[in-house]
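Me: I am new to this structure and would like to go through it by question and answer. Please show it before we start.

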Amino acid sequence: MSTETGGAAAPPPPLSLGALFAAFLQVSLMAFGGPLVWARRMVVERRQWLSEAEFADILSFCQFLPGPNVVSLAVCIGARFRGLAGALAALAGFILIPWTLGFAIGALLLSYAHIALLAGVLRGISAAAAGLLIGTGLRLLMPHRRRPAALVFAALAFAGLAFVKLPLFAVVGGLVPLSVAAAGRSAPLPA
């Protein structure tokens, strides 16, 4: 975890490749409706490998990488703790078994999707997943709650996506330069 004195980040604690594999395997097996909720819970709350702010920083970086955010997150966290081998272990844990199970279950459910009971169950799961995602978004915002500019940019991003229905690329492309400039103006000058 990073130091609070403004110095360089302390080296991360040593983790085994098996621990990285197992943690992201658990994340993906529990991740009905969205793995981001479970990744944060596993890495920040249960294992305490990262602080809330460190997780938010890595996730912010992963937003700019191509592909699913949580896959990038697994790779970045694995790499942070064990380099290339850690990135591969976390990625394998996240996708190997769950992808196989998900593909098989998805194919099975798809053949029965016309059954009203199953359709209702899937709608209920979808609503619960949306609630989990909103809760995680609020938790990710908590480290920034004393920074009014961060709250303004979060609200603008939400409004742009949810209400104005702008494409994600347009919201990111428009708000990132402005938020970086605002953060640069509010950052203390180095001593």
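**The surface patch**

Reply: Leu29, Ile95, Leu96, Ile97, Trp99, Leu101, Phe103 and Ile105 make up a nonpolar patch on the surface, and together they have about 810 Å² of accessible area. Patches consist of residues with over 30% relative accessible area and no salt bridge, where like charges are joined within 9 Å and nonpolar side chains (Val, Leu, Ile, Met, Phe, Trp, Tyr) within 5 Å. Accessible areas come from the Shrake-Rupley method with a 1.4 Å probe, and for residues only the protein chains shown count as cover. This is a predicted model, in which local features need pLDDT of at least 70, side-chain atom pairs count only at pLDDT 80 or more, and totals for chains, interfaces and linings use all residues. Residues are numbered from 1 along each chain as its sequence is written, and side-chain values use heavy atoms, with hydrogens and water left out.

Me: Which helix gives the most to the nonpolar patch?

Reply: Helices (H or I, at least four residues) and strands (E, at least two) are DSSP runs, numbered from the N terminus. With 7 residues in the patch, the element that gives the most is helix 4 (residues 69–111).

Me: Is leucine 96 buried or exposed?

Reply: Leucine 96 has its place in helix 4. Buried means under 20% relative accessible area, exposed over 50%, and partly exposed in between (1.4 Å probe, protein chains only). Leucine 96 has 52% relative accessibility, so it counts as exposed.

**The fold**

Me: What pattern does the chain follow along the sequence?

Reply: The secondary structure comes to 7 helices and 0 strands. Read along the sequence, the pattern is α-α-α-α-α-α-α.

Me: How much of the chain counts as buried?

Reply: The chain has 191 residues. The part of them that counts as buried is 26%.

**The largest pocket**

Me: How much space lies in the largest pocket?

Reply: Rolling a probe the size of a water molecule over the atoms shows where empty space is left. On a 1 Å grid over the protein atoms alone, a pocket is an open set of points where a 1.4 Å probe fits, with protein on both sides within 12 Å along at least five of seven lines. Grid points are joined across faces, edges and corners, and a volume is the space filled by probe spheres set on the points. For the largest pocket, the value is about 1,800 Å³.

Me: Which residues of the lining lie nearest the centre of the largest pocket?

Reply: Lining residues have an atom within 4 Å of a point, and the largest pocket has 43 of them. Helix 3 (52–62), helix 4, helix 5 (116–141), helix 6 (148–162) and helix 7 (168–186) each give two or more residues to this lining. Nearest the centre are Ser60, Gln63, Phe153, Ala154 and Ala157.

Me: How many residues of the lining are nonpolar, polar and charged?

Reply: Ala, Val, Leu, Ile, Met, Phe, Trp, Tyr, Cys and Pro count as nonpolar, Asp, Glu, Lys and Arg as charged, and the others, Gly among them, as polar. The lining divides into 32 nonpolar, 9 polar and 2 charged.

**Salt bridges**

Me: Which residue meets arginine 40 in a salt bridge?

Reply: A salt bridge is a side-chain nitrogen of Lys or Arg within 4 Å of a carboxyl oxygen of Asp or Glu, and the structure holds 5. Arginine 40 counts as buried because its relative accessibility is 3%. At 3.0 Å, N to O, its partner is glutamate 52.

Me: Is glutamate 54 buried or exposed?

Reply: Glutamate 54 forms a salt bridge with arginine 80, and their closest N and O atoms are 3.4 Å apart. Arginine 80 is partly exposed at 25%. The relative accessible area of glutamate 54 is 9%, so this residue is buried.

**A loop residue**

Me: Where is glutamine 48 found?

Reply: Glutamine 48 has a positive phi of about 55° although it is not a glycine. Its relative accessible area is 54%, so glutamine 48 is exposed. Its place is the loop between helix 2 and helix 3.
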